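A guided account in plain paragraphs would be welcome.

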Amino acid sequence: MSEKALTYLQEHREDMLSKLYRFLSIPSVSTDSKHKQDINKAADFLITYLEELSFTNIEKVETDGHPLIYGEYVGAGEDAPTVLLYGHYDVQPVDPIELWDSEPFNPEVRDGRIYARGSSDDKGQVFMHLAVFEAFLKTEGKLPVNVKVCIEGEEEIGSENLYDLLQENKEKFKSDFAVISDSGMAEKNQPTILYGLKGFTGIEIKVTGPDHDLHSGMYGGAVRNPIMALSHILSSLKDKDEVITVDGFYDDVEGLSDEERKLMEKAPGEDFIQATGIPEIASEKGYTAKEHTMGRPTLEVNGIYGGYQGEGTKTIIPSTATAKITCRLVPGQDPVDIQEKLVNHVNKYSPSGVTVEVKKEKLSAKAYKVEPTHPLIQKAAKSYAKAFNKDTVFLRMGGSIPVVEWLESIYQFPIVLLGFGTPEDRLHSPNESFPLDSFDKGMETLVYYWSEM
């Protein structure tokens, strides 16, 4: 079944690329209201493509923000599994535009890469699935699986309306499993199974002292400095061994098994010193940098501000100081519980003479993990290896994709992360690109995977 589809993709490669370029040329930036018409244009592109593929029940589902595209294919029959295909058609802003070497919405191929905003995240990868569906339908007259398509236009702004929509339409989106191609590989042409993602939560701490900035000579020694008070709180969160000192933070952490530690050790990893310019690695005591980034929770101060920031010196005691903190969580940890523990810790270590306010981050998600031995994961690994002619490696990612946790919590089904991006793709940055190797071999992987079903 796969050979005819592969031949079709090879023979129609230029047509496929031309169609992809039309999709990429639409500036579907979800953060900017001036691109509302472009968002709808990108959504309409997907609707037209699904209509060409003879999908049914195609909808442009309106939300309080940008529309979600839904469609169904049921031609594989009752005995075939039903997959929910998730992706997004919205993209990040292009700023700073002057750092692009080519127009971000005028796709250009250079050195074996497609340069365009959305080429990797996530238009290019969404398109690959539709192109593979086309190949099967044109050559075999049907797909090996039944499909429900869920392609949203708000991923880059936190998928603000997606959870409620999925929760309110459980039966509509109900499937046997989900496939998401919004991730990447450990290295270019290195097939990679992401079998785990970290959860996410955070807080913002605001420390207020006097009701206005004060002269440091006249008031120093009588008034608590909010920046010093905030620094005291922040320094209490973690020790010099990168161990988080918040009471109960590790209570529910799922430990790393010997098997997982071996998988992590085998996986290719970034040279952190060379890539970042740091003098030495700083990971949690007792764990390697790979183990910490993939499978242990983290706490980071993402921003801190207050007081005078200009040139020279301004001798003041500032009125306020603020810090933003986020945590990446692992299986077993509940974001709501972690937020409460962070708040309790901040209150415990807040000095007198200031008022401390803690704001909880609205966007939170639990960690996700599927066993690497799961049959759907093993079929994906086999398909990857066949297409790329290289053994598949297994990784847990340090980042978070909230929709993965939402889908698991609502539907309790396995989620397969079939990503084809590479570390060099420059997601969210100028000169975003996607390798043509990933485009070709990625579609080959998908052909093998659906055939395996």
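**Cavities, pockets, strands and core**

The second largest cavity is lined by Thr 63, His 66, Leu 68, Glu 152, Gly 153, Glu 154, Asn 161, Leu 162 and Leu 165. The structure shown is a predicted model. By class, the lining of this second largest cavity comprises three nonpolar, four polar and two charged residues, and the volume of the cavity is about 40 Å³. How many cavities of 30 Å³ or more does a search of the whole structure find? The search finds two.

The largest cavity has a volume of about 50 Å³. Its lining consists of Leu 85, Tyr 86, Gly 87, Asp 122, Gln 125, Val 126, His 129, Ile 151 and Ser 181. Strand S3, residues 82-88, and helix H4 each contribute at least two residues to this lining. Four of the lining residues are nonpolar, four are polar and one is charged.

The largest nonpolar core contains 101 residues, and within it Val 147, Leu 407 and Trp 450 touch the most other members. Helix H4, which spans residues 123-140, gives the most to this core, with ten residues. Which residues does Trp 450 touch, leaving aside those up to four places away in sequence? Trp 450 is in contact with Val 83, His 129, Val 132, Phe 133, Phe 136, Pro 144, Val 145, Phe 177 and Val 179. One of these residues, His 129, also belongs to the lining of the largest cavity. A second, separate core has 21 residues, among them Val 207, Ala 229, Leu 237 and Val 246.

The strands may be considered next. Strand S8 covers residues 192-197 and is mostly covered, with six of its six residues buried. What joins S8 to strand S16, and in which sense do the two strands run? Five bridges join S8 to S16, residues 393-397, and these strands run parallel. Within this pairing, Ile 193 stands opposite Phe 394 of S16. S8 is also joined by two bridges to strand S15, residues 368-369, and here the strands run antiparallel. In this second pairing, Gly 196 stands opposite Lys 369 of S15.

Strand S13, residues 320-329, is likewise described as mostly covered: seven of its ten residues are buried. S13 pairs with strand S9, residues 199-208, in the antiparallel sense over ten bridges. One example of this pairing is Gly 202, whose bridge partner in S13 is Thr 326. Strand S11, residues 298-305, is joined to S13 by seven bridges, and these two strands also run antiparallel. Here Leu 299 has Cys 327 of S13 as its bridge partner.

The largest pocket has a volume of about 1300 Å³. Of its 44 lining residues, Gly 184, Met 397, Gly 398, Gly 399 and Leu 427 are the closest to its centre. S8, helix H11 (289-295), S16 and helix H14 (402-411) each supply at least two residues of the lining. By class, the lining of the largest pocket has 17 nonpolar, 16 polar and eleven charged residues.

The second largest pocket has a volume of about 470 Å³. Its lining is made of 23 residues, and those nearest its centre are Ala 282, His 292, Thr 293, Thr 298 and Glu 300. Helix H10 (272-276), H11, S11 and S13 are the elements that give two or more residues to this lining. Which element provides the largest share of the lining of the second largest pocket? That element is S11, with four residues. The classes represented are nine nonpolar, eight polar and six charged residues.

A single residue concludes the account. Val 243 is located in the loop between helix H8 (226-235) and helix H9 (258-266). The C-alpha atoms of Val 243 and Lys 285 are separated by 7.0 Å, although the two residues are 42 residues apart along the chain.

Note on methods. Residues numbered from 1 in each chain as written. Predicted model: local features only at pLDDT ≥ 70, side-chain atom pairs only at ≥ 80, totals over all residues. Heavy atoms only, no water. Core = buried A, V, L, I, M, F, W, Y, C linked by side-chain atoms within 4.5 Å. Buried < 20%, exposed > 50% of the residue type's maximum accessible area, 1.4 Å probe, protein only. Contact = heavy atoms within 4.5 Å. Pairing = 2+ DSSP bridges. 1 Å grid on protein atoms, 1.4 Å probe; cavity = no way out; pocket = protein on both sides within 12 Å on 5 of 7 lines; lining within 4 Å. Points joined across faces, edges and corners; volume = space filled by probe spheres on them. Nonpolar A, V, L, I, M, F, W, Y, C, P; charged D, E, K, R; others polar.
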